[in-house]
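Thanks, everyone, for making the time this morning. I would like to walk you through one model, so please have a look at it before I start.

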Amino acid sequence: MKITDVKATTLKGYKDWNYVKVETDAGISGIGEAHPGEGISDAVTKRLRPMLIGQNPLNVEPLYTRMLDRSTGQSTAGILLGAIGGVETALWDVAGKAIGVPVYQLLGGKYRDRLRMYADVGRGRNRTNTPETWAERAKEGVADGFQSIKFDIDGSANELQHDPVDRGLSLAELDKMEAMVSAVRDAVGYDIDLCIDCHGKYNVRDVLLLAQRLEKFNLMFLEDPVPPENIDAMGKVTASTSIPICTGEWVHRRDGFRGLIENQACDMLHIDISATGGMLEGKKIADLADLYYMPAAFHNIVSPLGMVASAHVGATVRNLHTLELPYHADQIEWRWDLVISDEPLIQDGQFILPEKPGLGVEFNEDLARAHVKEGYDFFE
Ligand SMILES: [Mg+2]
């Protein structure tokens, strides 16, 4: 079997959603979702496609290595890595379909059929930030069946900042943030798991002041309290609070995660399949973390197709914590119709692992074509 073409398209979704299609001379094609954002489609078709035409699609890892090696010096972090992740996922879809098994089987087999999820509800409706709107939004997520929800706390009290860029938190910001989390706890109680994301916005000292105020709310995790690049700083935060610290959504490949894991600078990882270098790389990162008995959550800002890829990997790692649902994308009403599956992919707040060959779902090309971003082609 040989690869005959590699195509890409971009949809106007919650973000720019990017998809890769790998075609073969056996009549089998595979689909994968690359990381969201501009420039990814072009990277697939203009840079990666020539490296893949004529190759055997079943050689997924060697092809992955080829794409990385031939991209050296062209910034394999960021856009190219996001593109490579989409291609790699599409290759797994081809391989699964060709062999007649689900991708999780090719990755070593599944530990579980259903994956525990958390819903990233973001903020209050219409991106509002008051105790009342946060409480209302929390109740929406719980009413939808989710036992775990996440809010974005950075930017929720900007009107009270001393300075927009100094990484600091004023006492007034801390007061408001504490009040919003308190309102969420009052609204949903303590049986619901609650996560708070800081998006790496703060300095060590001030985010520890925030953590001290939030400890009493029994959080599932505090995410990216500081940027992830300085492992010593992240480790200081982790060692200084009882709240589990989660990081990793901006970290690339095993090389990037190694220091965080080996220094146990965080309590748990956030692995983003589409951003960090694909499905097998995501499994390898989770396995590396398991050497340190560290759990791994799977971060998602992709559409449901990318979530399916995440779920296949999450099913194959022992230390799965949770799978993220970008619940805040719920204004894109058609998003769940993008994938056609035998049964609903989310049931009782859990993700149901598809059992058909490949990724196990069909990409709804008719619907996707109707939402192609202006200026882009549909798999031309
Ligand atoms: Mg985050």
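How many residues of domain 1 are in contact with residues of domain 2? Before I answer, please keep in mind that what you see is a predicted model, and that the domain assignment gives domain 1 as 3-101 together with 364-369, and domain 2 as 106-356. The answer is that 31 residues of domain 1 are in contact with 29 residues of domain 2, while the C-alpha centres of these two domains lie 26 Å apart.

Let me turn to the area of this interface. The size of an interface is often given as the accessible area lost when the parts come together. Here the area buried between domain 1 and domain 2 is about 2600 Å², and carbon and sulfur atoms give 69% of that figure. On the side of domain 1, Tyr 14, Trp 17 and Trp 92 supply 24% of the area buried against domain 2, which is more than any other three residues supply.

Next, the polar side of the same interface. Between domain 1 and domain 2 there are 11 residue pairs in polar contact, counting pairs with both residues at pLDDT 80 or more, and the salt-bridge count between the two domains is one. In a salt bridge formed by Lys 284 and Glu 61, the closest N and O atoms are 2.7 Å apart.

As for which elements of domain 1 touch domain 2, at least two residues each come from β1 (3-12), β2 (16-24), β3 (29-33), α2 (60-69), α3 (79-99) and α13 (365-369). Of these, α3 gives the most to that side, with nine residues, and by class the side holds 17 nonpolar, nine polar and five charged residues.

Stepping back to the whole protein, there are 13 helices and 15 strands. The radius of gyration is 20 Å, close to the 21 Å that the globule rule gives for 380 residues, so the protein is as compact as a globular protein of that length. Along the principal axes, the C-alpha atoms fill a box of roughly 65 × 40 × 40 Å.

A search of the whole structure finds 32 salt bridges, and one that I would point out is between Lys 150 and Asp 197, with the closest N and O atoms 3.7 Å apart. This pair links distant parts of the chain, since Lys 150 sits in strand β5 (residues 148-152) and Asp 197 in strand β6 (residues 193-197), 47 residues apart.

I will finish with Glu 362, which is found in strand β15 (residues 362-363). Which residues is Glu 362 in contact with, leaving aside its neighbours within four places in sequence? They are Leu 338, Val 339 and Ile 340, whereas Arg 254, 108 residues from Glu 362 in sequence, is 30 Å away in space, C-alpha to C-alpha.

Definitions and conventions
Residues are numbered from 1 along each chain as its sequence is written. This is a predicted model: local features need pLDDT of at least 70, side-chain atom pairs count only at pLDDT 80 or more; totals for chains, interfaces and linings use all residues. Side-chain values use heavy atoms; hydrogens and water are left out. Domain bounds come from an automatic or database domain assignment. Contact means heavy atoms within 4.5 Å. Buried area is the accessible area (1.4 Å probe) that two parts lose on being put together, summed over both. A salt bridge is a side-chain nitrogen of Lys or Arg within 4 Å of a carboxyl oxygen of Asp or Glu. A polar contact is a pair of N or O atoms within 3.5 Å; within protein, one must be able to donate a hydrogen and the other to accept it, and residues adjacent in sequence count only if both atoms are side-chain atoms. Helices (H or I, at least four residues) and strands (E, at least two) are DSSP runs, numbered from the N terminus. Ala, Val, Leu, Ile, Met, Phe, Trp, Tyr, Cys and Pro count as nonpolar, Asp, Glu, Lys and Arg as charged, and the others, Gly among them, as polar. The radius of gyration is taken over C-alpha atoms; the globule rule is 2.2 Å times the number of residues to the power 0.38.
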